[in-house]
Amino acid sequence: MLVSNAFAQEPVEAAFVRGHISDGSGEWRANDFGWFFYDLDKDQGGEELRVDLQGRTAEQDHIVYSSKIWAQQFEYKPWGSFQAVAFMGRPYLAGYPKSSITDEINSLNKGDLRAVLTDDDRTQTLNNKKAIPLQQGYVLAAAEISEKNGAVNFVLLKNGKPVYAAVVSIGENFVYKVNDMPVILVHLLNAMSGGKGEGFAEVDGIFQISDLPYIRLFEGGLLGNMLLTDISEEGIELKNNVSFSLIRDSEIPLTPNLKLIVLDLPDLAYYPVGAFFDYGVHEIRGPVYSASSSIPVRMGDYNSSVVARWNSLNYSGYYFDQKQSLGAETLAFFDIKGRTIEPARTPIVYQENKTVVQSGLQYTTMLQAKEFEYKPWGHYFIIGFLGAPWFAGYDSSLQGKTPSLSLLENEDLGRVLIDVELQGKILAGNYSLEDGYEMRIMDVGNDSLFLQLRKEGILVDSSVVKSNTTYIYKKDLDNINDMPIIMMHFGNVFNNGTDSFAILDGIFQISDRYIFPIDPGTGFNELEIVLVQPDKMILINPDGINLNKDSNVNIGPGMDIRVADNDTLRYYLHTSTYVVPPPEPPQVNAQDNVSSSASENFSIVVNAAEIRQVMVSILDSANRTVFTRDITNLGQGSGDLWGFNWQWNATTMLLSDDKSPVLDASGSGVPALLYLNETTTPRQVGVKFNPEGRIGAITDGVSIYYVSRGEYKQLNTSIDYDSMLANSTIRKAYLKIEPGKSMLQFIDIINGKLAQSNVNHTLQGNLEVLEPHLISVGASPGRYELRMRVENAVNAIQTFGQFFNVTAAEIRGVSLSDARAIAGGDVSITLQTPKSNNEKWVNISYDAAKLKPVNISGECKASWQVDAREGWISAHLPAGCAVANLTFAVSIKAQANETIKLNLTSARGFKPETVTNGVITIAASDKGAKKSPAMGILVSMVALAAGAGALSFFRRRG
């Protein structure tokens, strides 16, 4: 396994940073609590947390969060400095001192905290074709450059509109204010005109803050359980407004982003935790050390010292299990000569004073016993390594036994995939595990279960498991024989008279793919494994490491040393965490009312990063899903802000054989049950319809039961459709249905749940023109609901309650719809007339050589008279009837792309204001079917509910 894969980080919903552990009253400052803001280069950061305890109780006002302002130098040094203050781990501008560019302004005593967006001293060039983009939609442009004195007429735009302009001479500053607060400062270094509108301007200082306060504070305001007791030009102070008891194994919320964690230990031990919830890569750092740091340590019976030390108790980049207080990683720097960590050498022991002197650095991690989540199993062994917990084995020579199931003592490490305690019943069915494993409960008997274990669909084990026993699947891992890979404990087996089921208590699974070798001599960047023992691992630096000014030194995977840009040596250990917050509820803009068969336009704003899928569904007034579409590819935006614009044509789909409704899946698979014949059990399948409404494919994602000529082309096989039909062996892989015998029972989605329809549809016709097909009709008037599901890399959210109305389309004329058809197939045309209480007769002419009238249908009892020789129809609509469907058989002689016209010749019983004739366009034998913009049927079936297949024990929330 590659190292990069072994230590790759997945996105997380939030990043949490721990402070050091305290066993009594405690104090945490910016240089030792990584959540607090700290400027390493300037050794600045004014946040502090103090906890004053009486026993285990913090009385009211005895937990104090404070933050002092400091003078922060502009990157463009001639400007001097501004006043900065940190609040809840973030730096803000607190004000400006009086200077040549601004009057004295203190925004902190007003409670206004503004983010510093840009602080830059790079030289940048503008001309008449090049502007400088700033933050929050601002752009700085040079409108004119003077030919005489090099003055520049700067224009500032926001969102494309000018908001301010000023003429600035070389050496002066452009200052843009909002409500007297300077929010953009720009220093003009040089300018030169070339005449005829040519020239350039150079700026070497840009400073920008948010044009509105990010945070507004006021004395007496409550932030979580902390009361703002003081805010002034000197800083901020909050105190707990209620007393807290630090009960064992508890959490004390202070503010929304800050809390105290009390460990589950007999003696008091607690620490603060700060959280980052916003999108982006966040630095997770440990305590800061300098050239003068010295920490006394014990090495066995000897005294020693280190100049820096990070461990699982003070550095959040190392593994720590809060629940069981596990974590034993330590990185220590023994000495630094100037700015160099010398190579690690054998320690020098001074017996006369019992001291040890050592050079270099050392990373140590210890073996620990971890209790199974299902407690009756006891414990297994783990070891934290480079920030992650690794499976070390089920036993150890430390127990006084021969270690037959220890990966660590075999110089390997593994990964725990599942460790859970469950309380729930299971029935016969398929249950997904990790690493491609699937448990199939074939039968639940009176006191036992018959199960099969499969990996990637291949049977690897079968067993009969008695109640109140543990099923164990073993496999050889590296040099270890019969290592338990999967354990599942089944409790009692019950029968309630209808179903037999068992209680599943616990599941444990380790990976049989990720086995990580830890042989001595293996290197990781600056580290090398030198010792692997039953209880620990030790890594050292075989070579010297330079801590150069303003550098970042990678020690090992997930471990970097950041060094200050300062003549004084100052540094800290850090890693990074990629935070992707869960999606927020989308903002939807849509019409409140839309006419049937008209376009409803939706504009949606989604606040989510790393979007995996955005699905929209429309439900009718009976909570039936009539339309669904994957709109992921329509997204426009970046980062965590995306917009989606799409339309629904206010139509629904009916099946041609009995006009029963069916889901419009926008080219994806419509869920259904397929009966190959009367004797076979049904298969759960997805039915894809092509743009003409014809069945294009039927598949369950594994097997194909039918594929049309047009859909077959998208499979990109080496053999063409006609050759496939002629080869009986290959044909069986693509065509399993039997027209006239095979039946489809479509599945409706009612209020988000699957429900079988009560109608079976026999597949008719031939493989070129399979029936039934879809007919598009205007959506029935009523209240409809838009539902959305947004999934990103960490979670998913589903929204409800976005309602709109479909109203009946006002018909003032008579019309025939257009349609596409296949030569030799049937086609339906919709006849629409105004609603009235009168009987109506409509006369229609058609090409009798190309069309043959088959049927007239609709919600009312429409009828017709047909003259097949002359190509003439007289359709009769009784009183109150306005719509009818006319079905024609298309001649097999019709040519591809040919158009067949249907003309409305006269009407009786009403006087139409408009007349719209119909056109049938021919696409012969489905060869002209367009490729759907959605993914092919083989990979884009509609997601089904839990009853549709294997139930996953572990999957993303949502």
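How many bridges pair strand β75 (residues 782–792) with strand β76 (residues 796–807), and in which sense do the two strands pair? The first legend takes that up; every view here comes from a predicted model.

**View 1. β75 and β76 within a five-stranded open sheet.** Nine bridges hold the β75–β76 pair together, and the pairing is antiparallel. For a landmark, look at arginine 783, which has asparagine 805 of β76 standing opposite. The sheet around them runs in the order β57-β76-β75-β59-β60, with mixed pairing. At the edges you find β57 (593–595) and β60 (625–630); each has a single partner strand, so one side of each is left without a neighbour in the sheet. From one strand to the next, the twist averages 30°.

**View 2. The whole chain, for orientation.** Stepping back for a moment, the protein chain comes to 88 strands and four helices. Its C-alpha trace spans about 120 × 90 × 55 Å along the principal axes. Of its 958 residues, 48% count as buried. Take the contacts with a separation of 6 or more: 58% of them are between residues 24 or more positions apart.

**View 3. Strands β45, β46 and β47, paired in a row.** Start at β45 (residues 469–477), which runs antiparallel to β46 (residues 480–495) and is joined to that strand by eight bridges. Here threonine 470 faces its opposite number in β46, histidine 489. The two strands make a hairpin with two residues between them, and aspartate 478 in that turn has a positive phi of about 50°. Moving on, β46 also pairs with β47 (residues 500–510), again antiparallel and over eight bridges. In this second pairing, isoleucine 486 stands opposite glutamine 509 of β47.

**View 4. Two aromatic pairs out of the 52 in the structure.** A pair of aromatic rings is described by the distance of the centres and the angle of the planes. For phenylalanine 372 and tryptophan 377, the ring centres are 5.6 Å apart and the planes lie at 75°, so this pair is edge-to-face. Both phenylalanine 372 and tryptophan 377 are buried. Now turn to phenylalanine 602 and tryptophan 646: with centres 4.4 Å apart and planes at 15°, the pair counts as stacked. Phenylalanine 602 belongs to strand β58 (residues 600–607) and tryptophan 646 to strand β62 (residues 641–648), so the pair ties together parts that are 44 residues apart in sequence. Phenylalanine 602 and tryptophan 646 are buried as well.

**View 5. An aromatic cluster, and two arginines over tryptophan rings.** Tyr315, Tyr318, Tyr363, Phe385, Trp390, Phe516 and Phe524 make up one aromatic cluster. Arginine 415 lies over the face of tryptophan 390, 4.6 Å from the ring centre.

View 6. In soluble globular proteins, nonpolar side chains tend to be buried together. The largest nonpolar core here has 45 residues, and the members that touch the most others are Trp310, Phe333, Phe385, Met537, Leu547, Ile561 and Tyr571. Apart from that core lies another, of 43 residues, including Trp28, Phe87, Ile236 and Ile284.

**View 7. Valine 306 in strand β30 (residues 302–306).** Is valine 306 buried or exposed? Its relative accessibility is 2%, so valine 306 counts as buried. Setting aside residues up to four places away in sequence, valine 306 touches Ser294, Ile295, Val297, Ala332, Phe333 and Phe334. One of these, isoleucine 295, is 11 residues away along the chain, with 5.2 Å between the two C-alpha atoms.

**View 8. Valine 606 in strand β58.** Valine 606 is buried too, with a relative accessible area of 0%. Which residues does valine 606 contact, leaving aside neighbours within four places in sequence? They are Pro586, Ile611, Asp640, Leu641, Trp642, Phe644, Met788 and Val790. Between valine 606 and threonine 632, which are 26 residues apart along the chain, the C-alpha separation is 11 Å.

Definitions and conventions: Residues numbered from 1 in each chain as written. Predicted model: local features only at pLDDT ≥ 70, side-chain atom pairs only at ≥ 80, totals over all residues. Heavy atoms only, no water. Phe/Tyr/Trp six-rings, centres within 6.5 Å; stacked < 30°, edge-to-face > 60°. Buried < 20%, exposed > 50% of the residue type's maximum accessible area, 1.4 Å probe, protein only. Lys NZ or Arg CZ within 6 Å of the ring centre and 35° of its normal. Contact = heavy atoms within 4.5 Å. Pairing = 2+ DSSP bridges. Axes fitted to C-alpha atoms, helices over the stretch in contact; angles between N-to-C directions. Core = buried A, V, L, I, M, F, W, Y, C linked by side-chain atoms within 4.5 Å.
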